[in-house]
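Welcome! Let's get to know this structure together through a few questions and answers.

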Amino acid sequence: MLSLSAKIQDAFNEPACENNRSKDAEARKKGCSKPPTPGAAAGGCAFDGAKVVLQPITDVAHLVHAPLACEGNSWDNRGTASSGPMLWRTSFTTDLTELDVVMGHSERKLFKAIREINEAYAPPAIFVYATCVTALIGDDIEAVCKRAAEKFGLPVVPIDAPGFVGSKNLGNKLAGEALLDHVIGTVEPDDAGPRDINILGEFNLSGEFWLVRPLLDKLGIRVRACIPGDARYLDIATAHRAQAAMMVCSTALINLARKMEERWDIPFFEGSFYGVTDTSEALRQIAELVVKKGAEPELISRTEALIAAEEAKAWRRLEAYRPRLQGKRVLLNTGGVKSWSIVHALTELGMEIVGTSIKKSTVDDRERIKQILKNENHMYETMTPRELYSSLAEQNADIMLSGGRTQFIALKAKIPWLDINQERHHAYAGYEGMVELARQIDLAIHNPIWEQVREPAPWEEPLAGQERSGEESASILNLCGKTARHVGEC
């Protein structure tokens, strides 16, 4: 088994990543993105990235070996959903104190925590996360996990991704390595079939994969494992017997997809379930891959029949929204797979993309965006809050789609905003999800509140036919703190 430093270097040299292949040897050593900001509470470290990928495995106990704040800052950091077990929603931490660190009690406390979780919850597995503090003091969590697994007779998986080793993206990949080393391939299924597939990098945000799975069920295609959304430990342990795989978010788990192909001959492709056209194309590619691996050729024709029926139904429902959204301008401030898949979905509605962020996008993602937009000026690497506000305040867009961090910039600019990131409360995947996306955009843009908030406040303009007296103007100047030349603006 590779050491942590070797795994990090292996992730930086990922051959399936176009971005890595385009770098020289020196640039690869620096990794895929900027280092985490010292003192940042969330959204950047490797531990957070590993927790994001693994916590949606719903029946596993996730134990954070650290002081309390590490678990507090990482718990429930994505809006994933479970159709069954809720153990993943329970916080487990060793809650290390200064005394534990100074007196060397931390490893003993970890072993005790594993025992207590096993006795109280009897989970199928326990995942133990290393963090900055426990890595710096030299705790050997692999040895503790191995001893606990032997003692209690259940898998205890070490997740060696302390925050200081790199970015959130690196943590995603280290989580995939942990699954390869300790979980996938450890159980042989007794029901392997010719139409079994894996879905990688799908997080089931707001339960959106539940809108896609029924389509696969109609085709007789079984999802052996969805990693990590709404997953079970046993599903992932038997994932090596799937016939094909679809990669939804390559920036997170491309290393997992490539190594599963190398070890178990599971071919994969990258696709998207956002938008009518992309959903149809994903279903086609899944069918083609499993047919190549031995499924019946009739699956192709059944897939085309299903696509035709579902597309007709979706377009019929979307016709109600198309006239209201046609030509509306959208600023998309997100990243990764959404930077191109959502763009494609919006163009299907006749909307105009005035800008999309490519900060977290791979080289392939950027090429897809170029093909869709035909204008590179609409792609931006970074945009400061001031620049974002200026663009919105000048009414260059009719709505902004982004994550929660930038919602208040849009609201300050009096522009409609819709959450498209992991905190959202609506599912946008598949044909049903596309209709829901159109509905939510329509509700946001045509909400009557925007007409009211854009009107001048009563104190901003005099009443019709009236002029302000000198005393009124002087009073307003004092309130606004402006000079005499700005009386007309005040």
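**Helices and rings**

Val276, Thr279, Ser280 and Leu283 of helix H14 are in contact with Gly430, Tyr431 and Met434 of helix H21. Please keep in mind that this is a predicted model.

Q: How many nonpolar, polar and charged residues are in the contact of H14 with H21?
A: The H14 side brings Val276, Thr279, Ser280 and Leu283, and the H21 side brings Gly430, Tyr431 and Met434. Gly counts as polar in this scheme, whereas Val, Leu, Tyr and Met count as nonpolar. By class, the contact has 4 nonpolar, 3 polar and no charged residues.

Q: Is H14 roughly parallel or roughly antiparallel to H21?
A: Helix H14 covers residues 276–292 and helix H21 covers residues 430–445, and their axes are 9 Å apart. They pack at an angle of about 170°. Angles over 145 degrees count as roughly antiparallel, so H14 relative to H21 is roughly antiparallel.

Q: How many aromatic pairs does the count come to?
A: Rings pair if their centres lie within 6.5 Å. By this rule, the number of aromatic pairs is 5.

Q: What kind of aromatic pair do Phe47 and Tyr129 form?
A: The ring centres of Phe47 and Tyr129 are 6.2 Å apart, with 85° between the planes. Planes over 60 degrees apart count as edge-to-face, so the pair of Phe47 and Tyr129 is edge-to-face.

Q: How many residues apart are Phe47 and Tyr129?
A: Phe47 belongs to helix H4 (residues 46–54), while Tyr129 belongs to strand E3 (residues 126–129). The pair links distant parts of the chain, and its two members are 82 residues apart.

Q: Is Tyr129 buried or exposed?
A: Residues under 20% relative accessible area count as buried. Tyr129 has a relative accessibility of 0%, so Tyr129 counts as buried.

Q: Which residue lies over the face of Tyr129?
A: A charge sits over a ring if it is within 6 Å of the ring centre and within 35 degrees of the ring normal. At 5.8 Å from the ring centre of Tyr129, the residue lying over its face is Lys51.

Q: How far apart in sequence are the parts tied together by Phe209 and Phe273?
A: Phe209 and Phe273 form a tilted aromatic pair, 6.5 Å centre to centre with 55° between the planes. Phe209 lies in the loop between strand E5 and helix H11, and Phe273 in the loop between strand E8 and H14. The parts they tie together are therefore separated in sequence by 64 residues.

Key. Residues numbered from 1 in each chain as written. Predicted model: local features only at pLDDT ≥ 70, side-chain atom pairs only at ≥ 80, totals over all residues. Heavy atoms only, no water. Axes fitted to C-alpha atoms, helices over the stretch in contact; angles between N-to-C directions. Helix = DSSP H or I, 4+ residues; strand = E, 2+ residues; numbered from the N terminus. Parallel < 35°, antiparallel > 145°, perpendicular 65-115°, else oblique. Contact = heavy atoms within 4.5 Å. Phe/Tyr/Trp six-rings, centres within 6.5 Å; stacked < 30°, edge-to-face > 60°. Buried < 20%, exposed > 50% of the residue type's maximum accessible area, 1.4 Å probe, protein only.
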